[in-house]
Amino acid sequence: MSETLEEVPADEGRGLPDPENAPVLVVDGLVVEHHNRTTGEVFRAVDGVSLRIGAGESAAVVGESGSGKTTLAMAATGLGPRSGGDIELLGHSLASLSRRRLRELRPEVQIVFQDPHGSLDSRQSVRSGLRELRGLQRKRTSWIDDAGLLESVRLSPDLLDRYPHQLSGGQAQRVCIARALLMRPRLIVADEPTSGLDVSVQADVLGLLREVRETTGAALLMISHDLAVVRSVCETVHVMRHGRVVEGGPCETVFTRPADDYTRELLAAMPGARWRARR
Ligand SMILES: Nc1ncnc2c1ncn2[C@@H]1O[C@H](COP(=O)(O)OP(=O)(O)OP(=O)(O)O)[C@@H](O)[C@H]1O
Ligand SMILES: [Mg+2]
């Protein structure tokens, strides 16, 4: 918890939900529309999506390119526009949160993007990047030193003085995960966290995300094209197509008894031996 949030009076006794125990994310009927100013056309990138992630849970959103996964994640975390529907983030309705309160909540929701090198400032060494983050959130980030933080993502402290271009893709993504962990997030959103990486390190990074969730208790929203990735990390999965969730539920059910034709198509397109072997 940040200092500021700790100062918020408890809701106990007033019949209001306690934000600490509330689900980390509830999306209800989310709509995101993009307006083309030239043609006047309106495009619905997200069309009435609902989902819920409890504290410490892991959920995935899968679907083909352009199905609205990133748009959903950005809107759900208050970073992207929202045209309709309700979002409750860490127990707070986004519609009623002031910009200042949203900024205060921000460290508790961390996003790991597809391109680790693109997420890091090329002019900063790993150490100076961490120093900058620590400067922004002094109290929140004092729980661990730089070497310990890197160790927690299985990186040698020797890398602290390297610049992003001196890191492999896998190392750079671990640095991004370390930077996210430094904030002690309650929700980590990972948008295709391994699809920009060499196949040889993808499994390691996924293993790390699994471990992070288990050891920190943070909830995880994972976005991926790859059903095998989802199955190895997440408990539940939501299958998206054309802005809508066509099917959702526990991975075990969706993977073994898919109810929707599109899910069946996605499963059929997977190299079968690969995902079955990972069970
Ligand atoms: N600012 C924008 N203006 C207009 N259309 C947009 C804008 N941003 C996204 N879109 C469209 O919204 C749709 C959903 O995009 P989004 O990036 O959410 O897809 P995605 O599922 O994350 O795809 P990918 O797997 O390729 O990352 C796409 O058709 C995209 O072209
Ligand atoms: Mg995307």
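**Cysteines**

I started with C251, which is buried at a relative accessible area of 4% (buried means under 20% relative accessible area, exposed over 50%, partly exposed in between, with a 1.4 Å probe and protein chains only). This is a predicted model, where local features need pLDDT of at least 70, side-chain atom pairs count only at pLDDT 80 or more, and totals for chains, interfaces and linings use all residues. Residues are numbered from 1 along each chain as its sequence is written, chains are lettered from A and ligands numbered from 1 in the order in which they are written, and side-chain values use heavy atoms, with hydrogens and water left out.

Which cysteine sulfur is closest to the one in C251? I found C234, with its sulfur 6.1 Å away, too far for a bond. C234 is buried too, at 7% relative accessibility. I noted that a disulfide is a covalent bond between the sulfur atoms of two cysteines. The cut-off here is a pair of cysteine sulfur atoms within 2.5 Å. My tally for the structure is zero disulfides.

Next I looked at strands. Helices (H or I, at least four residues) and strands (E, at least two) are DSSP runs, numbered from the N terminus. Two strands count as paired if DSSP finds at least two bridges between them.

I traced an open sheet of four strands in the order β2-β1-β4-β5, with antiparallel pairing. β2 (42-53) and β5 are at its edges with a single partner strand each, so one side of each has no neighbour in the sheet.

How many bridges link β1 and β2? I got nine, in the antiparallel sense, and L25 has I53 in β2 as its bridge partner. Helix α2 (residues 69-76) packs on this sheet and touches β1, β2 and β4. Its direction makes about 115 degrees with that of β1. For such angles, axes are lines fitted to C-alpha atoms, for helices over the stretch in contact, and the values run from 0 to 180 degrees between N-to-C directions. Contact means heavy atoms within 4.5 Å.

β1 (residues 25-35) also pairs with β4 (residues 84-89), antiparallel, over five bridges. There, D28 has D86 as its partner in β4. β4 then joins β5 (residues 92-93) by two bridges, again antiparallel, with E88 opposite S93. These two strands make a hairpin with two residues between them, and L90 in the turn has a positive phi of about 50 degrees.

**The six-strand sheet**

I found another open sheet, of six strands in the order β6-β7-β8-β3-β9-β10, with mixed pairing. β6 and β10 (244-250) are the edge strands, each with a single partner, so one side of each is left without a neighbour. The twist averages 15 degrees from one strand to the next.

β9 (residues 236-241) and β10 run antiparallel, joined by six bridges, and V239 stands opposite E247 in β10. Helix α11 (residues 261-269) packs on the sheet, touching β3 (58-63), β9 and β10, with its direction at about 105 degrees to that of β9. Helix α7 lies across β6 and β7, at about 175 degrees to β6.

Just after the helix, R184 takes a positive phi of about 50 degrees.

A nonpolar core is a set of buried Ala, Val, Leu, Ile, Met, Phe, Trp, Tyr and Cys residues joined through side-chain atoms within 4.5 Å. The largest one has 50 residues, of which I177, M222, V230 and V237 touch the most other members. α7 gives the most to this core, eight residues. Apart from it lies another core, of 30 residues, including V46, L51, L90 and L105.

Which residues does I177 contact, leaving aside neighbours within four places in sequence? I listed V112, V153, V205, L208, L209 and V212.

**One last residue**

I finished with D204, in helix α8. It is partly exposed, at a relative accessible area of 44%. D204 and R154 are 50 residues apart in sequence and 9.9 Å apart in space, C-alpha to C-alpha.
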